[in-house]
Amino acid sequence: MTAIVTGASRGIGAATARLLAQDGFSVVVNYSEDSAGADHVVAEIRDRGARSIAIQGDVSREPDVLRLFESAEKELGPITALVNNAAIVGGVSLVADLTAARLKRVFAVNVTGTILCAREAVKRMSTARGGSGGAIVNI
């Protein structure tokens, strides 16, 4: 069993990755920028005897999502679970001060990224597509 957890270098994503490993999953710790945090989570998981790797990728970028899933399968085997945890808030501001660029970035990560990752998981896990099933959890 292999799980991908997006945004897993800290917080809820890191805790989720640790719990999945404890439950017997090989875990892909996805991160966008915090390689040190991701490496720390991977080391913790490995220290507990589970398989884990860190894969950098911005979930809002389709090429990164494709690389994430391809690398995960190559390194740890068929994907059986996805936890869409990566998200951003874009900072706090008054509505009057919001920029279109900031809104676009928030939606790109939080909505587009979630759907791109779900799409790739479904392609691999769907029994209608030859997969053995699995689960997707959106946080």
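## Salt bridges in the model

A salt bridge is a side-chain nitrogen of Lys or Arg lying within 4 Å of a carboxyl oxygen of Asp or Glu. In this predicted model, the side chains of Glu120 and Arg119 meet in such a salt bridge, with a distance of 2.9 Å from N to O. Glu120 is buried, with a relative accessibility of 2%, whereas Arg119 is partly exposed, with a relative accessible area of 31%.

A search of the whole structure finds nine salt bridges, and the sections below follow some of the residues that take part in them.

## Links between helices H3 and H4

Arg119 also forms a salt bridge with Glu62, and here the closest N and O atoms are 2.8 Å apart. Because Glu62 lies in helix H3 (residues 62-76) and Arg119 lies in helix H4 (residues 100-125), this pair ties together parts that are 57 residues apart in sequence. Glu62 counts as partly exposed, at 36% relative accessibility.

Another salt bridge joins Glu73 to Arg124, with the closest N and O atoms 3.1 Å apart. Glu73 belongs to helix H3 and Arg124 to helix H4, so this pair ties together parts that are 51 residues apart in sequence. The two partners fall into separate classes of accessibility: Glu73 is partly exposed, with a relative accessible area of 30%, while Arg124, with a relative accessible area of 19%, is buried, since the buried class covers values under 20%.

## The packing of helices H1 and H2

Two packed helices are described by the angle between their axes and by the distance between the axes. For helix H1 (residues 11-22) and helix H2 (residues 35-47), the axes come within 10 Å and cross at roughly 20°. Angles under 35 degrees count as roughly parallel, and H1 and H2 are therefore roughly parallel to each other. Their crossing is right-handed.

On the side of H1, the contact is made by Ala14, Ala17, Arg18 and Ala21, and on the side of H2 by Val41, Glu44 and Ile45. Sorted by class, the contact of H1 with H2 has five nonpolar residues, two charged residues and no polar residues.

Methods
Residues are numbered from 1 along each chain as its sequence is written. This is a predicted model: local features need pLDDT of at least 70, side-chain atom pairs count only at pLDDT 80 or more; totals for chains, interfaces and linings use all residues. Side-chain values use heavy atoms; hydrogens and water are left out. Helices (H or I, at least four residues) and strands (E, at least two) are DSSP runs, numbered from the N terminus. Buried means under 20% relative accessible area, exposed over 50%, partly exposed in between (1.4 Å probe, protein chains only). Axes are lines fitted to C-alpha atoms, for helices over the stretch in contact, and angles run from 0 to 180 degrees between N-to-C directions. Angles under 35 degrees count as roughly parallel, over 145 as roughly antiparallel, 65 to 115 as roughly perpendicular and the rest as oblique. A crossing is left-handed if the near helix is turned anticlockwise from the far one by less than a right angle, and right-handed if clockwise. Contact means heavy atoms within 4.5 Å. Ala, Val, Leu, Ile, Met, Phe, Trp, Tyr, Cys and Pro count as nonpolar, Asp, Glu, Lys and Arg as charged, and the others, Gly among them, as polar.
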